[in-house]
Amino acid sequence: LIGFLAEVDLYKYINVPFPDNFNLFCECIAANLLPNLFADFDDNDGANPNSTIGKFEFWGVSATMLDNSSAAIFKDLVVLGIIVAVNILMVIFNKCPDLYSLLCKVKNLLMWNLFLSFYLGDYSELQLNAMIELREHSVSSLYSNVSLAFSIIIVVTYALLKIYILFILNRKRRMPPRPQQRSPLTQSRERRRWYIQEGAGVNTISEDKLNHALAQNSFYPVPQCVAIISEDFLPKNAFTRNFFLITILENFLLILLVFFFQDYGLVQAIIYTILAIIYVAIIAWQRPYKSKFQLVILLINQISKVAMGIIAIMIGVNEKTNSIPQESITQMGNALILLIVIVIGINLVIALLITAVEVIKGIKRIVNQIRLHLSKKSKHKSLPKRTKAHHRTVNQRRVEGTRLQSRSDISKRSFIASATPSFTRMEPI
């Protein structure tokens, strides 16, 4: 949902004459809920010069980045501050195991997955506004100089992040050399099929699955601290493994499009539509997401971008030819508004469904852990009782065995006594 809103924010900078109803709609959804938290440092009291180029001038985009993206920068700085504070507390409470363990969990949550989700989630906004300031910076004051420093840091860190993500996703293991003694025929047979013995049957693994398994094992796993860049995607090939980076690069191409081609609005609309069509085709072909819900959201967003691009092309052509009546242009604006609202609603519903499914899975996982813990406790409690009962039973059996043995001895004696002949003395007559 956040990604789609960022794409709508880029779309409005295509330099074609959008109808007034659509412009009003964009003003409503782009309104900042938070005030500029850095305004106290501004010597000009917010009266910094705006951009003078194309749609940036039309939308009143400030040439000072802090005027445009203060909320996003403040949010990222807060997360960074918490990370620094947690690391300091971990050093201080190193000798307190319980507190140290809790701080480790907080650190693993924030560093770096949560920060990356915020920082890369604001990529389109921060990158574009930083580039605008670097091109049109003209005021010299503490506030504007701090804003310029932030702009430089943002552009540099995003470039370094792309390089790091490319490296971390494509690190290959050093595979052991294959033995040379085997004949080509044996190697060919081993590449074609593997056999896994399961009972009496034999399952054959195809060569494609074998190659897929070998390809997965040939790359190092992504560290857990940056698992956000790979955990939602299938590692079946280079495209799906690097899909997070490809998404960033697609946004970067759109930023370059609206930044450098403000004098060619129709060209912007055509290139925007072509990029969206190519992206939809590749996504439908490769299906990079593990979750079908996320794949559906992505396809809906990209197909809507194709429709939005087509409408922008029609408006741009009409600017050259004046062949479409104004009422139809207004209807196109209504169609754009309806399309964006519907896509936002679908994104919201599917996001809630995904959240509900994950919450239910988490609850089931916790319940199963509690049941396992209780069953282990009950086993430990019942073990002494079973031991006592076992000893009691053994003792009873021993007593009964002793009694039976004694009875047997008595019966044997009586039998022997009865079987012994008795000699009576004969009296003389």
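## Helix pairs

Helix axes here are lines fitted to C-alpha atoms over the stretch in contact, with angles running from 0 to 180 degrees between N-to-C directions; angles under 35 degrees count as roughly parallel, over 145 as roughly antiparallel, 65 to 115 as roughly perpendicular and the rest as oblique. The helices themselves are DSSP runs (H or I, at least four residues), numbered from the N terminus. This is a predicted model, so to speak of local features takes a pLDDT of at least 70, and side-chain atom pairs count only at pLDDT 80 or more, while totals for chains, interfaces and linings use all residues. Residues are numbered from 1 along each chain as its sequence is written, and side-chain values use heavy atoms, with hydrogens and water left out.

Start with helix H4 (residues 65–92) and helix H5 (residues 97–121): their axes come within 9 Å and cross at roughly 155°. That angle is why H4 and H5 count as roughly antiparallel to each other.

Now go to helix H12 (residues 265–286) and helix H13 (residues 292–321). Their axes are 8 Å apart and the packing angle is about 155°, so H12 and H13 are roughly antiparallel to each other too. H12 passes H13 in a left-handed crossing.

Most residues other than glycine have a negative phi. Which residue in the loop between H12 and H13 is worth a look? It's Arg287 that sits in that loop, and its phi is near 50°, a positive value in a residue other than glycine. Arg287 counts as exposed because its relative accessibility is 53%; the cut-offs are under 20% relative accessible area for buried, over 50% for exposed, and partly exposed in between, with a 1.4 Å probe and protein chains only.

Asn322 is found in the loop between H13 and helix H14 (326–419). Phi of Asn322 is near 55°, again positive in a residue other than glycine. With a relative accessibility of 65%, Asn322 is exposed.

## Salt bridges

A salt bridge here needs a side-chain nitrogen of Lys or Arg within 4 Å of a carboxyl oxygen of Asp or Glu. That rule gives 4 salt bridges. One of them joins the side chains of Lys12 and Asp9, at 3.1 Å from N to O. Lys12 is buried, at 7% relative accessibility, whereas Asp9 is partly exposed at 26%.

Another pairs Asp122 with Lys75, whose closest N and O atoms are 3.0 Å apart. Asp122 lies in the loop between H5 and helix H6 (123–136) and Lys75 in helix H4, so this pair ties together parts that are 47 residues apart in sequence. Asp122 counts as buried at 11% relative accessibility, and Lys75 as partly exposed, with a relative accessible area of 30%.

Then there's Lys305 with Glu250, where the side chains meet at 2.9 Å, N to O. Lys305 belongs to helix H13 and Glu250 to helix H11 (residues 243–260), so the bridge links parts that are 55 residues apart in sequence. Lys305 and Glu250 are both buried. Along with Glu7, they're linked in a network of salt bridges.

Asn113 lies in helix H5 and is buried, with a relative accessible area of 18%. Asn113 and Ala227 are 114 residues apart in sequence, yet 6.8 Å apart in space, C-alpha to C-alpha.

Ser141 sits in the loop between H6 and H7. Ser141 is buried as well, at a relative accessible area of 10%. Its C-alpha atom is separated by 8.6 Å from that of Asn44, 97 residues away along the chain.

## A nonpolar surface patch

Leu134, Ile152, Val156, Leu160 and Ile163 form a nonpolar patch on the surface, with about 450 Å² of accessible area together. Patch members have over 30% relative accessible area and no salt bridge; nonpolar side chains (Val, Leu, Ile, Met, Phe, Trp, Tyr) are joined within 5 Å, and like charges within 9 Å. The areas come from the Shrake-Rupley method with a 1.4 Å probe, and for residues only the protein chains shown count as cover.

Which helix supplies the largest share of the patch? It's helix H7 (residues 142–169), with 4 residues. Ile163 lies in H7 and is exposed, with a relative accessible area of 55%.

Terms used: Helices (H or I, at least four residues) and strands (E, at least two) are DSSP runs, numbered from the N terminus. A crossing is left-handed if the near helix is turned anticlockwise from the far one by less than a right angle, and right-handed if clockwise.
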